[in-house]
Amino acid sequence: MKKIILAFAVTLLLVSGALADTIYLRDGRVVRGTVLGFINGRIVVKITSVSSTGATTTSSTSPDPRAGEEPGDVRFYRPAEIDRIEIEGRSLDEARFVVRTVQVALGPNWIDSGVDVKRGQLVQVRATGTIYAGRARITPDGLRSPDPNAPLPRAAEGILIGAVGNDSDSPIVELGSSHDFTADRDGRLYLTANRGSYTDARGAYTVEVRTERQLPQRRSDTASNRNDQPDDANDPFATDDRRSTPAAVRPRNPNDRAPSDPYNRNPAPRDVSINVLGTSRGTDTGIDLRTGDRVAISATGRIVAGRRAGEVGPEGGNATGVGAVFGTRPMPNAGVGALIGYIRLSDGQVSQPFFVGTQLNFSSPADGRLILLVNDDNYGDNSGSFNVRVVVN
């Protein structure tokens, strides 16, 4: 509480001589006058006028008069009674809020804002920036059409959304470029763009999150204290910032939660079968991997990898031609026409290609989309396809 008193004292010194101070009370009244100081946990105001529901109170005959709120009276207000103070046009409203700025890009997981909120706490969100996805240019207010595969299928595609808590059942709030809401529960605030796919996205929204400071309660509110002394146990200016503590991961798809995730509700493996054409420079498996996912790939079938290599299986054929000399294939040391893969990361970059062949078991080294392709540098004379099964645990 000493820090609060000091903050008010410094502010009042800086604005000494102000003649037109305005105090906005939480019950809707507006008090005009002169802020005299901060005494015994109270803000002292010499009143000029009091407004209520648009009417200015200048005498005892005005509507809803309050004792001690006549022009010329000196009134003592608790900080909890006050919504904000403007001293000669300058607002102390910023002191009510903690502000944090976070970059929100599209990826396999929601973005941890680093902000913990309490039930009933006011949260203000302001967002700018652009995300580019395919040919679309998306702002925090989203596109005109919805995305049926997004977390909110009926909301605008790409609109900024948020959720409090890691539980997949927690309600999702449409935020857009500007939105205020009251938290319905305690928890960490997560943010993302309302879009089902993220592998073709780049850029990010710049999001400012403002939360009300949790002001300390006074011991007089409890039976244990009758001396009206402040309780410093919940100092809003304390240096211990718990908001910077990393939170649990919240995946975009609840089914993608790792088995070790305490919020995991559906640990069933994903099992996908696809055809990878001999002409494939990159076949999207539709599988989003998370770091540490266990992946098993098996492949059968044969393709024609050009006239020189002829018909080959997933292991590929002998390296011949220009590709063998100059290393122009994605994996120069692997057989021509072999089945290979890579992971397309959330920032649009790709991992180093890896050999798959007829069978491969590995742990995913990164978050991203699994892509399969044929190891060749001339796909124009290829034909056939591999039958590939991918199982992710």
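Leu160 stands opposite Ala193 in strand E15, and this pair makes a handy way into the fold. What you are looking at is a predicted model, where local features need pLDDT of at least 70, side-chain atom pairs count only at pLDDT 80 or more, and totals for chains, interfaces and linings use all residues. Residues are numbered from 1 along each chain as its sequence is written, and side-chain values use heavy atoms, with hydrogens and water left out.

Leu160 belongs to strand E12, residues 160-164. Strands here (E, at least two residues) and helices (H or I, at least four residues) are DSSP runs, numbered from the N terminus. E12 and E15 pair in the antiparallel sense over five bridges; two strands count as paired if DSSP finds at least two bridges between them. On to E13: three bridges join this strand to E12, again antiparallel, and Ile161 stands opposite Glu174 there. As a reminder, strands of a sheet pair through backbone hydrogen bonds, either parallel or antiparallel.

How enclosed is E12? Five of its five residues are buried, so the strand is largely enclosed by the rest of the structure. Buried means under 20% relative accessible area, exposed means over 50%, and partly exposed is in between, using a 1.4 Å probe and protein chains only. In a regular strand the side chains alternate between the two faces of the sheet. In E12, Leu160, Gly162 and Val164 point one way while Ile161 and Ala163 point the other way, and all are buried.

Now zoom out to the sheet. It is an open one of four strands, in the order E9-E15-E12-E13, with antiparallel pairing. At the edges sit strand E9 (111-117) and strand E13 (172-174), each pairing on one side only. From one strand to the next the twist averages 30°, with axes taken as lines fitted to C-alpha atoms (for helices, over the stretch in contact) and angles running from 0 to 180 degrees between N-to-C directions. E9 is joined to strand E15 (residues 187-193) by four bridges, and the two run antiparallel. Within that pairing, Asp112 stands opposite Tyr190 in E15.

Another open sheet of four strands has the order E18-E24-E21-E22, with antiparallel pairing. Its edge strands are E18 and strand E22 (354-355), and each of them pairs on one side only. Four bridges join E18 to E24, which run antiparallel, and Leu289 stands opposite Gly368 in E24.

What about the packing? The largest nonpolar core has 31 residues, and Ile297, Leu339, Leu372, Val388 and Val390 touch the most other members. Such a core is a set of buried Ala, Val, Leu, Ile, Met, Phe, Trp, Tyr and Cys residues joined through side-chain atoms within 4.5 Å. Among the strands that each supply at least two residues of this core are E18 (283-289), E21 (339-344) and E24 (368-374). Not counting residues up to four places away in sequence, Leu339 touches several residues, including Val276, Pro314, Phe355, Leu372 and Val388; contact means heavy atoms within 4.5 Å.

The rings of Phe354 and Phe362 have their centres 5.2 Å apart and their planes at 50°, so the pair is tilted. The rule is that rings of Phe, Tyr and Trp (its six-membered ring) pair if their centres lie within 6.5 Å, with planes under 30 degrees apart counted as stacked, over 60 as edge-to-face and the rest as tilted. Phe354 counts as buried at 18% relative accessibility, and Phe362 counts as buried at 17%. Elsewhere, the charged end of Arg84 sits over the ring of Tyr24, 3.9 Å from its centre; the test is NZ of Lys or CZ of Arg within 6 Å of the ring centre and within 35 degrees of the ring normal.

Finally, the whole protein. There are three helices and 25 strands, and 43% of the 393 residues count as buried. Of the contacts with a separation of 6 or more, 67% come from residues 24 or more positions apart. Val50, in strand E3 (residues 42-52), is buried with a relative accessible area of 3%. Arg100, in strand E8 (residues 97-104), is partly exposed at 30%.
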